[in-house]
Amino acid sequence: MPDGTATSQPGISPAGLFRGESWGEWLDRHSRTFFIAPAVTLVLLFAIFPTFYTIVFAISHVRFSATGLKFRTVWFENFAAQFTGNQQVHFLGRFTSMSIAGWVFTLVIAGALLWWLYRAVVGGTSWVGLAGRLISAAMAMFIALLFAATLLSGNQWGTLLNTLFYVVVGCSIQFVIGLMLAFLCSQPVIGKNFFRVLFFIPLMITPLGVGYAFKMILDVTKGPFQPFWQLIGLGNWAWSTDAWAARWFVILGDSWQWIPFIFIVLLAALENVPKDHVEAAQVDGASSFQIFREITWPQILPVAATVMLIRMIEAFKIVDLPNIMTAGGPGIATESMTLHSLFLWRANNMGDSAAVAYLLLILTVVVCSSFFNFVVLKRIRGARA
């Protein structure tokens with residue numbers, strides 16, 4: 001208009017006048033937000049919100065009454081209780097005098113961590129990176145002290161080291177076996193499709209079923225393998241009263257269930273390795289080991305690191321198998337931190353249960369983040385260099 005007054009054009013929204021956008025263009029530009037919003041909302045409602053609401057339990061003494069739950073704020077007393085008194089024995093282990101082996105181990109780990117931090121400072125690491133290394137080093141030193149004061153000094157473990165045992169030892173065994181099976185099934189062998197399906201079956205069984213199945217199989221008096229146990233002279237062996245045997249049998253059941261997950265992911269990664277690279281190396285006379293080390297492993301390393309990280313996170317939450325197979329026994333020899341939290345919850349000790357759950361969350365985040373940042377990324381960058 002000559003007088004300069006604004007007019008509304010057909011198909012133009014008032015909000016988009018200054019951009020000249022229609023409603024359709026605006027919706028198209030924000031389509032990614034609208035598509036992801038329902039999923040984010042569900043995560044916030046059913047995962048993030050309960051996680052933060054649990055803080056109220058972790059910093060409170062919770063008491064049941066006729067009108068519901070009564071909260072009395074005690075701040076960090078529930079957390080401190082896990083490191084002192086009777087709860088310390090349950091969570092960390094029993095401490096007496098440290099053995100010479102324990103002191104030597106502690107000094108070696110302390111020296112290695114100090115050297116690692118020194119190299120980071122000299123190398124010009126950023127303040128953020130240095131802060132991450134300090135947190136990781138503090139956690140590593142704490143775990144090393146626990147290891148030295150309990151196992152290396154002949155004392156009882158707590159649920160924290162039990163959990164780390166399942167994570168470190170269990171996941172390492174599962175990864176090695178899963179990689180071997182995946183490599184075998186990626187080769188031109190007869191019947192490999194049958195074995196692919198066969199190896200994948202355990203993953204379809206619930207942890208509850210796996211726990212009861214292994215409890216029945218390992219029954220030396222009434223189980224289906226009772227004649228075998230009698231044959232090898234273990235008919236009267238009560239493995240559930242042997243701490244180390246019970247731990248290894250829990251890992252056996254856990255590995256039987258989770259090896260197929262690692263197997264199927266690594267198999268897909270191995271089958272995506274370019275064949276022309278392998279054939280060129282074979283023409284040059286490289287051995288099978290050299291081909292795997294120089295060509296195959298660098299190609300599958302990102303996938304292998306991802307699947308190992310996922311498996312570690314799941315292993316930190318192990319609860320079904322030790323609960324069903326041993327009920328955490330003998331004593332607390334097979335009790336994980338998740339099972340520890342569950343037993344406290346069953347005893348209506350909501351505050352300590354939430355505190356143990358948050359300590360598990362902190363342990364999981366620090367260990368998995370350290371593994372990914374300082375082990376996985378370093379090797380991936382080295383393989384790409």
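Guide: We shall begin with the whole chain and then turn to single residues.

Visitor: What kind of model is this, and how many helices and strands are in the protein chain?

Guide: The model is predicted. Its protein chain has 16 helices and two strands.

Visitor: What does the radius of gyration say about the protein chain?

Guide: The idea is to set the value beside the one for a compact globule with the chain's number of residues. For 385 residues such a globule would have a radius of gyration near 21 Å, whereas the protein chain has 27 Å. Along the principal axes, the C-alpha atoms fill a box of roughly 105 × 75 × 55 Å.

Visitor: Which share of the residues counts as buried?

Guide: Of the 385 residues, 37% count as buried. The chain exposes about 22,500 Å², and carbon and sulfur atoms supply 69% of that area.

Visitor: How should I read the nonpolar core?

Guide: In soluble globular proteins, nonpolar side chains tend to be buried together. Here the largest nonpolar core has 70 residues, and the members touching the most others are L160, W239, L266, F316, M337 and L363. Helix α11 (residues 243-271) gives this core its largest share, 13 residues.

Visitor: Which residues does F316 touch, leaving aside those up to four places away in sequence?

Guide: With those set aside, F316 touches T163, L164, V167, T338, L360, L363, T364, V367 and C368. On the scale of the chain, consider contacts between residues at least 6 apart in sequence: 67% of them join residues at least 24 apart.

Visitor: Is T150 buried or exposed?

Guide: The reading rests on relative accessibility, where buried means under 20%. T150 is at 0% and therefore counts as buried. T150 lies in the loop between α6 (127-149) and α7 (159-185). Beyond residues up to four places away in sequence, T150 touches L92, G93, R94, F95, N155, Q156, W157 and L161.

Visitor: Why does P227 count as exposed?

Guide: For this class, the relative accessible area must be over 50%. P227 counts as exposed because its relative accessibility is 54%. P227 lies in helix α10 (residues 226-231). Between the C-alpha atoms of P227 and G68 there are 54 Å, and the two residues are 159 apart along the chain.

Visitor: How many charged side chains are there, positive and negative?

Guide: One counts each set and compares where their centres lie. The protein chain has 23 positive and 17 negative side chains, with the centres of the two sets 8 Å apart.

Notes: Residues are numbered from 1 along each chain as its sequence is written. This is a predicted model: local features need pLDDT of at least 70, side-chain atom pairs count only at pLDDT 80 or more; totals for chains, interfaces and linings use all residues. Side-chain values use heavy atoms; hydrogens and water are left out. Helices (H or I, at least four residues) and strands (E, at least two) are DSSP runs, numbered from the N terminus. The radius of gyration is taken over C-alpha atoms; the globule rule is 2.2 Å times the number of residues to the power 0.38. Buried means under 20% relative accessible area, exposed over 50%, partly exposed in between (1.4 Å probe, protein chains only). Contact means heavy atoms within 4.5 Å. Accessible areas come from the Shrake-Rupley method with a 1.4 Å probe; for residues, only the protein chains shown count as cover. Lys and Arg count as positive and Asp and Glu as negative; His and the chain ends are not counted. The place of a charge is taken as NZ of Lys, CZ of Arg, CG of Asp or CD of Glu. A nonpolar core is a set of buried Ala, Val, Leu, Ile, Met, Phe, Trp, Tyr and Cys residues joined through side-chain atoms within 4.5 Å.
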